[in-house]
Structure formats: structure tokens, C-alpha cells
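Have a look at it first, then try each task before reading its solution.

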Amino acid sequence: MHLGHRLKWWIGYLQRRFKRNLSVEAEVDLLSYCAREWKGETPHAKLMRKAYEELFWRRHIKCVRQVRRDNYDALRSVLFQIFSRGLAFPSWMKEKDIVKLPEKLLFSQGCNWIQQYSFGPEKYTGSNVFGKLRKCVELLKTQWTEFSGIKDYHKRGSMCNILFSDALLECKLYEALKFIMLYQVTEVYEQMKTKKVIPSLFRLLFTRETSSDPLSFMMNHLNSVGDTCGLEQIDMFILGYSLEVKIKVFRLFKFNSRDFEVCYPEESLREWPEISLLTENDRHYHIPVF
């Protein structure tokens, strides 16, 4: 009897600990979540409640998955949906071995400045940046290949619960996504130098003083992601472009304005799959469930 009680206690303990470690929580009713989070009668609280009601009644969003609030949460929200839905690799990734991209930037394009790449809160300063980046990108390729090959929705969900409760693996995946973004910025920058037509979002990126070239983009913006800040709006454009997904974001604090619903990138191709996020402040993101 005593052994049975101890076993039951341990099972409960492990379940509670596993749940606490999940960086993407289970679905909860959207309006119940709203009522819990926005109880006051301030103008902002009333605005948020109206925004959530809009999502529930007119956009047919019934539930929400809360995402851990840190400086990776935009990347986490997007990657979780890619894996849980079993989406395929972007077309350009199918044509290239992405594991070799770190070396390609150095040896083929002479980007030795990539040795100043920063791995989020880890602040890695070792000499083997390429080896570390390669391992991150290799993990992304392996996990993406595995998830996209699983046809059973429930099995993908179970595997997501395991993956998105391992903080170390998660960080490596998000650093791989950051590098993929940097690679695309570098590729488009090289195209621009040869007078090729480039997407408008990159023209906007390169007109900023703080991101006039790939190095300044990395040093002034990308290196801070995961450490002191998350993705900015223009970074969301680059993320969507790099992964060939259309990221639709419901910006609840912009309710009743033209900026309530935005897409990154705006000029995405029709066949790109759509991923939806919601945000209350443009800093932290959650996953709406239709």
C-alpha cells in the first residue's frame, strides 16, 4: 500500500514537472483566457476584451495556446506550428544542404565576420562558431525532416510536447532559424549588389542605418534576439520569407484599426502555408487555434 502511494506521488510529480516545462501550453478556451487576463475596467482592458471577442465570434478562433514569454517566443510560436502541422521544407532548402551553409558563407562568399555571431543568452565567444552553427542547423534539418514525415496528427502533437519541453534543444533550433534568416539576408544583399530585383521588404531593411548590410543586421539586431529582445516587425517579414510561410498576426492592441491583422511577408506566394499568431503588444506571441 505504501509503495503504491509513493508510485502514484512520483507519477503525479513527473506529470506536473513535465507540464511546467512545456514552452507551448495545451489549448484553452479563448474567451476564458481573456476573462482571466483582462478583468479590469480600464480603456485598455475593455479594448482587449473586444479584440478577443472579435477573434472568437468573427474570426472563428476558439482556443489559444500560451507560449512561454521570453525573447524566443516569436520563433517558438512559428516553429511549433510548422512541426505540429508537419509542413514541408521550403523549396530553396530542398535544393541545398542547409547544414553546409555556415561554411558556404565563409569560404564561398568571404563572410568572415560571421565569427562574431552571438547565440542568444549563451553569449558564446569561442572560436568554433561554424561548428556550433552547423550543429544547430543540422538539428533543425533532422527535426524538420522527422516531423514532416509523420502523417499522424496526434503523434506529431506528442513529439512536439517532448521537444518543446527541452530548453537546450529549443535554443539550438531557434539559433538555427536566426542563422537561416541571416543567410537569406546575405544572399539577397549579394543579389542587390549585382543590380538584381529584390523583394521590397529587403530594400526597406537595407535602407535602415542599423541594417544597411548583413554584418550590421547581425550585430545590431539578430545577435540580440533570444537575449535582450525578440523579433521586430521587419524580422518577422524576413522569417516568413526565409521559411516560405505567410505569418498572419492578430495585433489585439490595434483593434479597430487597419493594423489589427497583418501578414509577414505581405507579398508571399499563394502556395505558401499560412501560420497565425496573436499578440497583445508586439513583443510576446501566442498561438490561436481555429
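**Exercise 1.** Sort the lining of the largest pocket by residue class, then find where the lining comes from.

*Solution.* Start with the classes: this is a predicted model, and in it the lining of the largest pocket has 10 nonpolar, six polar and five charged residues. Next, the volume, which is about 450 Å³. Now go to the middle of the pocket: 21 residues line it, and the closest to its centre are Glu27, Arg65, Phe80, Ser84 and Tyr153. Then look at the elements: β1 (24-29), α4 (73-84), α8 (153-163), β5 (274-279) and β6 (285-289) each give two or more residues to the lining.

**Exercise 2.** Work out how many residues of helix α12 are buried, and which ones.

*Solution.* First find the helix, which runs over residues 233-243. Count a residue as buried if its relative accessible area is under 20%. That gives nine of the 11 residues, leaving α12 mostly covered. Now name them: Ile234, Asp235, Met236, Phe237, Ile238, Leu239, Gly240, Ser242 and Leu243. Finally, step past the end of the helix: glutamate 244 follows α12 and has a positive phi, near 55°.

**Exercise 3.** Find out what arginine 49 touches.

*Solution.* Begin with its place in the chain: arginine 49 sits in helix α3 (residues 43-57). Skip residues up to four places away in sequence, and the contacts of arginine 49 are Cys34, Trp38, Lys39, Gly40 and Glu41. Then zoom in on tryptophan 38: the side chain of arginine 49 reaches its backbone oxygen at 2.8 Å.

Notes: Residues are numbered from 1 along each chain as its sequence is written. This is a predicted model: local features need pLDDT of at least 70, side-chain atom pairs count only at pLDDT 80 or more; totals for chains, interfaces and linings use all residues. Side-chain values use heavy atoms; hydrogens and water are left out. Helices (H or I, at least four residues) and strands (E, at least two) are DSSP runs, numbered from the N terminus. A polar contact is a pair of N or O atoms within 3.5 Å; within protein, one must be able to donate a hydrogen and the other to accept it, and residues adjacent in sequence count only if both atoms are side-chain atoms. Contact means heavy atoms within 4.5 Å. Buried means under 20% relative accessible area, exposed over 50%, partly exposed in between (1.4 Å probe, protein chains only). On a 1 Å grid over the protein atoms alone, a cavity is a set of points where a 1.4 Å probe fits but cannot get out, and a pocket is an open set with protein on both sides within 12 Å along at least five of seven lines; lining residues have an atom within 4 Å of a point. Grid points are joined across faces, edges and corners, and a volume is the space filled by probe spheres set on the points. Ala, Val, Leu, Ile, Met, Phe, Trp, Tyr, Cys and Pro count as nonpolar, Asp, Glu, Lys and Arg as charged, and the others, Gly among them, as polar.
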